Amino acid sequence: MQLRLKALASSLNPVRPWFARVNSETLKADAIAGLTGAAIVLPQGVAFAIIAGLPPEFGLFTAVVVALIAGIWGSSMVMVSGPTTAISAVLFVSMSQFATPGSEDYIAMIFTLTLMVGVIQIIAGVFKLGGLISFISHSVLIGFTAAAAFLIAASQLGGALGLEAGVGGGVLDRLIHVAGHIDRVNVTAVIIASVTILTLVVLSRISKKIPSYIIALAVGSGVAWFLQAPAQGVAMFDPLSSIVPAIGAPDLSPGLMVELLPIAATVAFVGLLEAISIGRAFALRRDEPYDSSQEMVGQGLSNAVGSFFQCYAGSGSFTRSGLNVDAGAQTPMSTVFAAGFLVVLLFVLAPYLEHVPVPAMAGVILFVSYRLINLGEVRHVLNSNKKETAILAATFFTGILTELDLAIVVGVITSLCVFLYDSAHPVVAVGAPTNINGRRVFKNAATYGLPECPQISVIRVDGPLFFASVENVEYQFRGAEAASPMPKTKLMGLKGLWKIDLSGASLLLKEIRRARKSGADFRIFTTNAPAMLILKRLHVFDELGPENLHNNKGEAIAAAVEAADDKICADCKLRVFLECAQKPGAQ
């Protein structure tokens, strides 16, 4: 318990390790990156709050407070946190069943949920659960994000067409609503939305550093003014009720917290999955250290504190993080500058929000939803791995056909099932040597069509050898034996064996006895210290004998070739191993 408290104190220490990297050069670079980021997040914050069913100013508060705290206490040097499309969509779908979006009850429940999300994430970080995220396939996030993009697009289609908002629901419900009111489409609204989207498309092809969202909204607002949109029945935004967050404690009534707990766990997981995936990707790209558990604490702290400042749950944003890197950010000071610049922009630009037409903002959100789908990653998954394709498809179609929050659950369960299946079915490969650029390299004999020694079989097990996999491994052993007309001495390498338990040790004992009973032998070569310790403790080496335990493959082959039957060697024309040159019949 004392260790956990010490870890918590270290994680929450306001004096962060990255402070030592700040100097005049990094401050200048971070200030420029922060200004660029503030210009981008201003319209995004408004758009994402609308997606979440909240007043626009709450998205801006989230872009300031959550980004600031997550940047300081997180582990990434360049990741930018704040409101995101995926979490906004999950909040809207999950919370609209309890209260009307935008209502006082809805808003109050969002703040309670955000505090719960933060607490869950902090606990996960303190208990060092960051490594568990590694067990979840990245295809879950790809499929979930794609489903969220479709839901967001469907939710904004009505606004872009000038239709009244529907009753909510999933993607199909929203599309049915639009189709049922297609005769009420407002042509002026369609023109405004189309011009806004076209502006974004053109600007995105010119430069990523241009504040394209602000410019597109300005262009859309100009078109609305030229066409006298309000007189044509086009809805305009209401002014911001406040540009400074009110400080207040969320509702902590036990009944409400119990009711929101499943949703809070889902949002916390989605947020961590996003943040850790983004943070780790940029850390690898920049060759920087990354602590996923500290990132959990940073994300949790930002949400927990943000809930007292009218913020809703946020996470890392790949778009804003990528822009931050492109703009030259060096340290998390870029997020501090971005938060400060955003506050200034709020005071300057907030009065003009009432001149922005709803179809223009709907066009921005439609463009954001399109950009949310990473078509390159989707194609890569579809073309490379059937299991990952199944995970992506299960997550995506669940989000499209049912509820978005259920999609992440289905995706995680499918991902874990695939992981367990792979763990229970390790690859057992029979190797044979081949010459590549003058070097002897062992390849899979069946895959590359390489000849095998009639007396010796070199086997490698890639994966765990434990209670769930022994049956499959034994089945593959028997398959390898069936392909040979005579018993072979097995040389088994443990390099790829990353787990072994009592059941696995029992299988090895069985194989050793089986080989010797058939007149052959069994040898193990390894320098895998953990595996050797377990096998010694489980008495496998007692059965094997010290003369049959080798440090490397070459040593094991030399011993096996020396012990091979000379009569068989004399008639053998294959000469698979270099060591065969010392046997009778060699040319």
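**Briefing on the predicted model**

Alanine 160 touches Ala189, Val190, Ala193, Pro359, Ala362 and Leu366, not counting residues up to four places away in sequence, where contact means heavy atoms within 4.5 Å. This is a predicted model, in which local features need pLDDT of at least 70 and side-chain atom pairs count only at pLDDT 80 or more, while totals for chains, interfaces and linings use all residues. Residues are numbered from 1 along each chain as its sequence is written, and side-chain values use heavy atoms, with hydrogens and water left out.

**Alanine 160 in its setting**

- Alanine 160 belongs to helix α6, which covers residues 138-160; helices (H or I, at least four residues) and strands (E, at least two) are DSSP runs, numbered from the N terminus.
- With a relative accessibility of 6%, alanine 160 counts as buried, a word that stands for under 20% relative accessible area, as against exposed for over 50% and partly exposed in between (1.4 Å probe, protein chains only).
- From alanine 160 to proline 454 the C-alpha to C-alpha distance is 72 Å, and the two are 294 residues apart in sequence.

**The chain as a whole**

- The chain contains 24 helices and 8 strands, and its C-alpha atoms fill a box of roughly 100 × 60 × 50 Å along the principal axes.
- Of its 587 residues, 51% count as buried, and 81% of the contacts with a separation of 6 or more are between residues 24 or more positions apart.

**Cavities**

- The chain holds 5 cavities of 30 Å³ or more, a cavity being a set of points on a 1 Å grid over the protein atoms alone where a 1.4 Å probe fits but cannot get out.
- The largest cavity contains about 130 Å³ of space, given that grid points are joined across faces, edges and corners and that a volume is the space filled by probe spheres set on the points.
- Its lining comprises 17 residues, of which Gly37, Ala38, Val41, Val80 and Ala338 lie nearest the centre of the cavity; lining residues have an atom within 4 Å of a point.
- At least two lining residues each come from α2 (24-51), α3 (56-73), β1 (80-82), α12 (318-326) and α13 (333-349), and α2 gives the most, with 5 residues.

**Two further buried residues**

- Serine 292 lies in helix α11 (residues 292-306) and counts as buried at 11% relative accessibility.
- Beyond its neighbours within four places in sequence, serine 292 is in contact with Gly130, Gly131, Ile276 and Arg280, and its C-alpha atom is separated by 7.9 Å from that of glycine 125, 167 residues apart along the chain.
- Lysine 490, in strand β6 (residues 489-493), counts as buried at 7% relative accessibility.
- Leaving out neighbours within four places in sequence, the contacts of lysine 490 are Ser457, Ile459, Arg478, Glu481, Glu511, Asp521, Phe522 and Arg523.

**Positive phi outside glycine**

- Glutamine 228, although not a glycine, has a positive phi of about 50°; it is placed in the loop between α9 (212-226) and α10 (254-286) and counts as exposed at 55% relative accessibility.
- Histidine 539, also not a glycine, has a positive phi of about 70° and lies in the loop between α21 (529-537) and α22 (540-544).

How values were computed: 1 Å grid on protein atoms, 1.4 Å probe; cavity = no way out; pocket = protein on both sides within 12 Å on 5 of 7 lines; lining within 4 Å.
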